[in-house]
Amino acid sequence: MDIFDLSNEIAVVLGAGGALGGAMAEGLAEAGAGVAILDFAVERGQARAKSIADKGRRAVFVQANALDRASLRAAHEAVTRELGAPTILVNAVGGNDPAAQVTEDRSFENLSAEAWRANFDLNLCGGVLFPCQEFGAAMVKRGRGSIINIASVSAHIPLSRVVAYSAAKAAVLNLTRFLAREWATKGVRVNSITPGFFPADQNRRLLFNADGSPTPRAKAILDHTPMRRMGEPSELIGAVIFLASDKASGFVTGADIRVDGGFLAQTI
Ligand SMILES: NC(=O)c1ccc[n+]([C@@H]2O[C@H](COP(=O)([O-])OP(=O)(O)OC[C@H]3O[C@@H](n4cnc5c(N)ncnc54)[C@H](O)[C@@H]3O)[C@@H](O)[C@H]2O)c1
């Protein structure tokens with residue numbers, strides 16, 4: 001079965017200094033791809049690139065700010081120089097900015113426009129739009145590529161409190177489908193993965209108390225998850241390799257794969 005072999009591919013993973021992007025970068029490298037770790041966090045990004053290289057796989061770290069198009073352009077040039085032209089793009093920059101969250105002290109009516117915009121900037125512009133304009137456009141010119149965006153269960157059904165994040169992630173799904181259609185005849189496929197709940201820096205405070213015990217919110221999540229557990233980042237690897245590989249998913253575009261322990265399949 002060589003349909004999951006990525007040894008002719010160069011993958012750019014934005015946000016690979018983080019929990020989910022990092023695990024997906026490891027998986028793509030394991031499947032043979034040369035992997036560029038892009039993140040603005042230097043230490044975490046370098047550590048991830050080293051961990052991959054230590055396993056005998058190809059990886060480089062390039063610092064990049066997904067919100068800054070000039071920085072993405074420079075990173076693109078560096079990746080092309082060091083590894084070759086990217087054929088896979090995984091967009092794993094994103095997260096909930098608590099400043100735009102509804103809390104006991106902050107009602108929906110009192111959300112600030114600035115905080116709202118910051119969530120959309122991070123999750124939609126840095127999370128999908130700017131990297132697709134930079135890397136996706138070059139893939140279109142070369143006629144080959146696979147883009148994988150990271151949505152969220154809150155893109156499908158809005159979670160309580162994280163209102164701006166949910167709306168921005170819904171837009172991620174929508175933009176994924178727009179681009180899928182736009183680039184379908186140009187050799188570039190655009191799909192998304194919807195992760196359920198995976199403990200990581202951006203949501204730890206919502207899920208766990210200082211002593212490590214689950215918050216009422218984490219308990220509610222587990223009660224609503226048929227598998228009664230949260231995910232491990234490595235459980236995203238199968239989906240990302242499938243979507244990255246033209247041989248495995250050549251007729252798949254505009255799709256969303258849920259890796260959520262059944263969260264979105266459950267009502268009562
Ligand atoms: N962890 C979860 O449960 C979960 C669930 C659903 C969706 N997601 C989504 O998956 C993606 C990854 O989440 P994670 O849990 O790995 O988060 P994380 O915070 O561990 O990783 C995000 C990474 O992005 C980097 N980053 C942030 N802004 C950046 C910028 N402007 N330029 C470059 N790098 C930047 C951070 O330095 C960090 O390394 C996000 O889009 C998140 O919304 C996560």
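A residue counts as buried under 20% relative accessible area, as exposed over 50%, and as partly exposed in between. Because its relative accessibility is 39%, Arg161 falls in the partly exposed class. The model described here is predicted, and the classes above are used throughout the report.

Arg161 sits in the loop between α5 (153–156) and α6. Although not a glycine, Arg161 has a positive phi of about 70°. Arg228 is likewise not a glycine and has a positive phi, of about 60°. The loop that holds Arg228 runs between α8 (216–224) and α9 (237–244).

**Nonpolar cores**

The largest nonpolar core comprises 32 residues. Within this core, the most contacts belong to Leu14, Leu38, Val79, Leu89, Ile147 and Trp183. Two or more residues each come from the strands β1 (10–14), β2 (34–39), β3 (59–63) and β6 (188–195), and from the helices α3 (69–82), α4 (113–142) and α6 (163–183). Helix α4 makes the greatest contribution to the core, with 8 residues. Apart from this core lies another one, of 30 residues, including Val13, Ala49, Phe198 and Ala244.

With neighbours within four places in sequence left aside, Val79 is in contact with Ile10, Val12, Ala36, Leu38, Val62, Gly84 and Pro86.

**Asn91, a buried polar residue**

Where in the fold is Asn91 found? Asn91 belongs to strand β4 (residues 88–91). Its relative accessibility is 1%, so Asn91 counts as buried. The side chain of Asn91 makes a polar contact of 2.8 Å with the side chain of Asn149. Not counting residues up to four places away in sequence, Asn91 also touches Leu14, Gly127, Val128, Pro131, Cys132, Ile147, Ile148 and Ile150, besides Asn149 itself. Of these, Leu14 and Ile147 are among the residues with the most contacts inside the largest core.

**The ligand and its surroundings**

The ligand is surrounded by 29 residues, of which the closest are Leu20, Asp39, Tyr165, Lys169 and Phe198. Phe198 is also a member of the core of 30 residues.

| Residue | Atom of the residue | Distance to a ligand oxygen |
|---|---|---|
| Ala19 | backbone N or O | 3.0 Å |
| Arg44 | side-chain N or O | 2.8 Å |
| Lys169 | polar side-chain atom | 2.8 Å |

On its own, the ligand has 830 Å² of accessible area, and the protein covers 94% of that area.

**Aromatic pairs**

A pair of aromatic rings is described by the distance of the centres and the angle of the planes. With ring centres required to lie within 6.5 Å, the count comes to 2 aromatic pairs. One of them joins Trp116 and Phe120, with 5.6 Å centre to centre and 20° between the planes. This pair counts as stacked, because the limit for stacked planes is under 30 degrees. Both residues lie in helix α4, 4 residues apart, which is about one turn of the helix.

Technical notes. Residues numbered from 1 in each chain as written. Predicted model: local features only at pLDDT ≥ 70, side-chain atom pairs only at ≥ 80, totals over all residues. Heavy atoms only, no water. Core = buried A, V, L, I, M, F, W, Y, C linked by side-chain atoms within 4.5 Å. Buried < 20%, exposed > 50% of the residue type's maximum accessible area, 1.4 Å probe, protein only. Contact = heavy atoms within 4.5 Å. Polar contact = N/O pair within 3.5 Å; in protein donor to acceptor, adjacent residues only side chain to side chain. Near = heavy atom within 4 Å. Areas by Shrake-Rupley, 256 points an atom, 1.4 Å probe, with all protein chains shown as cover. Phe/Tyr/Trp six-rings, centres within 6.5 Å; stacked < 30°, edge-to-face > 60°.
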